[in-house]
Amino acid sequence: MLNHSRAHNKRKCIRERAEKPTNAALGRRTAVLLALLALTLGSNTAIAQTNVQGQWQTLPTTMPINPVHVALMRTGRVLVVSGSGNVPTNTNYQAAVWDPQTDTVTTQPIAWDMFCNGMVILPDGRPFVMGGTLAYDPFHGYAKTSAYDPASGQFTDLESMAHGRWYPTATTLGDGSVMIFSGLNENGPTNTAVEIYTMGSGWSQEYPSGWTPPLYPRQHLLPNGNVFYSGPTNGSMMFDTSAHTWSFVATTNYSSGRTYGSSVLLPLTPANGYWPRVMIFGGGNPATATTEIIDLSAATPAWQYGPPMSQPRIEMNAVILPNGKVLTLGGSSADEDARTTSFNADLFASDGLSMTPAGQNAFPRLYHSVAVLLPDATVWVAGGNPARGSYEPHLEIYSPSYLFAPDGSPAARPTITSAPAGVIGYGSTFQVQTPDAASITSVVLVRAGAVTHAFDMDQRLVGMSFTAGIGALNVTAPPNGNIAPPGYYLLFLLNSAGEGVDCRHGTMGGAGAPHYH
């Protein structure tokens, strides 16, 4: 392995060790593991408006490989998968790990070309790569899969799919299994069948869809256990995970299509009854700034326009923050054209009904750009590859306004002194120790992100009810895996000033039993 960077001592966090569950434990119950991280924010220089719009900074380190796919791991580090990196002649297939504690990047070779895969995090905390590039121009997809062990730092190939997939989407289901859909197969046509992977038993039979999906379809697991397809085409669909069949739901208002726009499942909380609403942003070429929201609990769901973004965006990113707001950033009005870059960032309210500015980033973030929430409640932004053979190497950090006091100085953050180290059952009560219990107004789980091609396949925010005691919070875990699928999550506390955030990284889940550790 090759270390490409120097330490950056302004960003610090303190991690608790997250133990990987044994196969026996996973056999007894599907686990959602919260690998808990106690985190603090380093001393960044505040500037005007930071308590309103947040703050952008460029990190000293640059990325030595094209960061096409990224996933936040239970260690707090970010896995970067590049493969051939969009260079047809490149057979030096690469992955890397970025460490936010030290701002260093360590690269490593990989055995096959994982470029343009689908990736989510398995319940045991391993990033799971499905498919990739078997051939360029025309593209054909691999049937191979592989899992990355954050402890050993190595990939291990797992069971292959029935057929190849290049540009597929993976979705974690309520029992911890993984649904894969779309992608070009080993001969070139779109793979129109659904397959479902279960740890320990491998892949299911193929379930023919009866329709041809776009590449990288936008999909979300809903509280009823079904999977909603929100785009980028105009017709929205629903996959019944019991019957393994698809049905039509609604048509978007924007009629031109939302290619490389983004899609987010808005926060699920006890206060809103785990109300399933999906919001879609931008997309198309030329791009649109429009957004739409659909209420999937309605008797007849229908898309409604939301507030527009400040700029049109294709090849954008959308990230859910711990306060439930959605950060939209990057992209351009013309695809892969840096002259039309959208530098403005926007913050949408947790209900999607209002938007405020979130400053501007510094570098064009176009095709193959990525953005992911970190355990310290900041957002890491990387990449941009509008032309083969070059990419944007600079890394940026967005620090949201909740990290700043009204005068622009770093906010006083609540502190998590301890949280459960074992399995927590769905619907059970667990305790979080904090000296700031009286000031806490929100306790949420955010699933660790796995993003590529303008869409995060794994992110979701789940709120939890709680009561405050002396030096502790008594928290009620989510009711089931359809609300919070098994796997590792970030546990965030937010205080009444709306400024401070603290976090632990851990796991949830189970056959009736979520757990964090």
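**Reading the model**

Analyst: Leaving aside residues up to four places away in sequence, Asn317 touches Leu327, Thr328, Leu329, Ser369, Val370, Ala371, Val451 and Ala454. This is a predicted model.

User: Where in the fold is Asn317 found?

Analyst: Asn317 is in strand β29, which covers residues 314-320.

User: Is Asn317 buried or exposed?

Analyst: The general idea is to compare relative accessibility with a cut-off: under 20% is buried. Asn317 counts as buried because its relative accessibility is 3%.

User: Which side chain makes a polar contact with the side chain of Asn317?

Analyst: Ser369 does; the two side chains are joined by a polar contact of 3.2 Å. Ser369 is also among the residues that Asn317 touches.

User: How should I read the chain as a whole?

Analyst: Start with secondary structure, then burial, contacts and surface. The protein chain has 44 strands and two helices. Of its 517 residues, 64% count as buried. Among contacts between residues at least 6 apart in sequence, 61% join residues at least 24 apart. The accessible surface of the chain is about 16900 Å², and carbon and sulfur atoms account for 52% of that.

User: What is the volume of the largest pocket, and which residues are closest to its centre?

Analyst: A pocket is an open set of points. Here the largest pocket has a volume of about 290 Å³. It is lined by 21 residues, and Pro267, Thr269, Ala271, Ser442 and Gly463 are the closest to its centre.

User: Which strands supply at least two residues each of that pocket's lining?

Analyst: They are β37 (440-447) and β40 (461-464). β37 gives the most, with four residues. By class, the lining of the largest pocket has 10 nonpolar, nine polar and two charged residues.

User: How many cavities of 30 Å³ or more does the structure hold?

Analyst: In a cavity, the probe fits but cannot get out. The structure holds four cavities of 30 Å³ or more. The largest cavity has about 100 Å³ of space. Its lining has 13 residues, and those nearest its centre are Leu221, Met457, Asp458, Gln459 and Arg460.

User: What does the lining of the largest cavity have by class, and which strand gives the most to it?

Analyst: The lining of the largest cavity has four nonpolar, five polar and four charged residues. β16 (169-172), β21 (218-221) and β39 (455-456) each supply at least two residues, and β21 gives the most, with three.

Key
Residues are numbered from 1 along each chain as its sequence is written. This is a predicted model: local features need pLDDT of at least 70, side-chain atom pairs count only at pLDDT 80 or more; totals for chains, interfaces and linings use all residues. Side-chain values use heavy atoms; hydrogens and water are left out. On a 1 Å grid over the protein atoms alone, a cavity is a set of points where a 1.4 Å probe fits but cannot get out, and a pocket is an open set with protein on both sides within 12 Å along at least five of seven lines; lining residues have an atom within 4 Å of a point. Grid points are joined across faces, edges and corners, and a volume is the space filled by probe spheres set on the points. Ala, Val, Leu, Ile, Met, Phe, Trp, Tyr, Cys and Pro count as nonpolar, Asp, Glu, Lys and Arg as charged, and the others, Gly among them, as polar. Buried means under 20% relative accessible area, exposed over 50%, partly exposed in between (1.4 Å probe, protein chains only). Contact means heavy atoms within 4.5 Å. Accessible areas come from the Shrake-Rupley method with a 1.4 Å probe; for residues, only the protein chains shown count as cover. A polar contact is a pair of N or O atoms within 3.5 Å; within protein, one must be able to donate a hydrogen and the other to accept it, and residues adjacent in sequence count only if both atoms are side-chain atoms.
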